[in-house]
Amino acid sequence: MIATMLIIMVVLLFLNFPMMIPLMAAPLVIMFIYFPTLDPMILMQQFSTGIEPYVLLAVPLFIFAADIMTTGKTSNRLLDFIGSFIGHIRGGYAVTTAAACTLFGAISGSTQATVVAIGKPMRERLLKIGYKDPSAIALIINSSDVALLVPPSIGMIIYGLVSGTSVGDLFIAGIIPGIIVFISFAVYSIIYAKMADIPLAGKASWSERWTMTRKAILPLGFPIVVIGGIYTGLFSPTEAAGVSVLYAFILEVFIYRSVHIKELPKIARSTGLVTSAVFVLVAGGQAFTWVISFARIPQMITETVLGTDPSAIYVLLMVTIFFFIGCMFVDPIVVILILTPIFYPAAMSAGIDPVHLGVVITFQAALGSATPPFGVDIFTASAVFNKPYLEVIKGTPPYILILFAISGLLIFFDELSLFLL
């Protein structure tokens, strides 16, 4: 049964069908072949059940807020603010890139949106100061991975939906790992700049810094409002998503006037297209999950891979390996939808905190997103910067090694995820 399901998905993918088709076709075929007496309407009900949860409202709202800010001037204001304080130090513009990706990730929740919003203006600045293109692009796509770790991470919303874990707790748990990634990339950037003898940029005056700070103060308030509101219990993650749209709308349309109100329908259409793709994947993922659960496939896989009484560390290692490899080839949302129901029961039996498991899974989704051969951020960067695939991946190995090291820390030290809870 497992082999049949995999063959169906692989064949359809090789025939260039979008991922939503294999995800929905595989459980349908399996049901007709192996469970012909079951009513097909059960599977149809699962498709609709998958997109009913209230928490999913947060996805289009956070995407809409990110699209408004990407269209506006938020990313440039963040870059100017950070660059005015650290741009003059050795490696300062690379550190600025990592910091800006972290901050914009706390606004958008999407790695690909961060690549577009921060990557375009920052790549030009990095090239101008003396960085080579592969190094600049590798820094951008790997720093953008932090968007999956810090709130409002769309990956964490999907994991919370599949596992029933509190999305608010997941958001808070991702903060420390996200900061660790940023600090690690910042340290590497400084060391690389010294080794490559990257020239120093001009130092901004204090008056210029004050001007940049004043311009960035409202964009910097965005993550404070979202994270602070959730952390204090002022509003739920879904309500935070609604607040984020209102915040972005007021900021870009009325205060900065960088987005005309006539542009909103176009932005909304873009959000609608992305949201519809995500929701179809979620619906297919729910049907897929129901079929594999009904067929007891998770139990078969976990007994084969994990044994009868695995330790927590061993389970986390297997989760890390499977999710990392999966996200190297397939969109992270799809991997989370398919693999979480398989490993979640074994993780709970091994005594792993579901929030910590969510952080480990989301971290692997972030790592796989920027890892060859098919990490989604690689192709996003290739399209955005109009660069060939091999040039985009040329500078990624050091960052992948750094992320591997942090991944090991998360496996052995769950306090990194749970400290703020």
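**Salt bridges**

I looked up Arg90 to begin with and found that it forms a salt bridge with Asp197, the closest N and O atoms being 3.8 Å apart; by salt bridge I mean a side-chain nitrogen of Lys or Arg within 4 Å of a carboxyl oxygen of Asp or Glu. Arg90 lies in the loop between helix H5 (74-86) and helix H6 (92-108), and Asp197 in the loop between helix H11 (175-195) and helix H12 (206-231), so this pair ties together parts that are 107 residues apart in sequence. My helices are DSSP runs of H or I with at least four residues, numbered from the N terminus.

I note that this is a predicted model, in which local features need pLDDT of at least 70 and side-chain atom pairs count only at pLDDT 80 or more, while totals for chains, interfaces and linings use all residues. Residues are numbered from 1 along each chain as its sequence is written, and side-chain values use heavy atoms, with hydrogens and water left out.

For accessibility I call a residue buried under 20% relative accessible area, exposed over 50%, and partly exposed in between (1.4 Å probe, protein chains only). Arg90 is partly exposed because its relative accessible area is 28%, whereas Asp197, at 56%, counts as exposed.

Asp133 lies in helix H8 (residues 133-143) and Arg123 in helix H7 (residues 111-129), so the pair ties together parts ten residues apart in sequence. Asp133 also forms a salt bridge with Lys387, where the closest N and O atoms are 3.3 Å apart. That pair links distant parts of the chain, since Lys387 sits in the loop between helix H19 (376-385) and helix H20 (389-393), 254 residues from Asp133 in helix H8. Asp133, with a relative accessible area of 10%, is buried, while Lys387, with 23%, is partly exposed.

**Ser244**

I then turned to Ser244, which has its place in helix H13 (residues 237-255). Is Ser244 buried or exposed? I record it as buried, because its relative accessibility is 1%. A polar atom of its side chain lies 2.5 Å from the backbone oxygen of Ala241. Not counting residues up to four places away in sequence, Ser244 touches Leu61, Phe62, Ala65, Phe222 and Val226, where contact means heavy atoms within 4.5 Å.

I checked the length of H18 (residues 354-369): at 1.5 Å a residue its 16 residues should span 22 Å, and its end C-alpha atoms are 22 Å apart, which agrees. The expected span is 1.5 Å times one less than the number of residues. H18 is mostly covered, with 15 of its 16 residues buried. Its N-terminal end is capped by Asp353, a side-chain oxygen of which lies 2.8 Å from the backbone nitrogen of Val355.

For H14 (residues 264-294), the 31 residues should span 45 Å and the end C-alpha atoms are 44 Å apart, which agrees. Just after H14, I noted that Arg296 takes a positive phi of about 60°.

**Ile7**

Last, I looked up Ile7, whose place is in helix H1 (residues 2-14), and which is exposed, with a relative accessible area of 53%. Ile7 and Ala26 are 19 residues apart in sequence, and their C-alpha atoms are 8.9 Å apart in space.

Terms used
Helices (H or I, at least four residues) and strands (E, at least two) are DSSP runs, numbered from the N terminus. A polar contact is a pair of N or O atoms within 3.5 Å; within protein, one must be able to donate a hydrogen and the other to accept it, and residues adjacent in sequence count only if both atoms are side-chain atoms.
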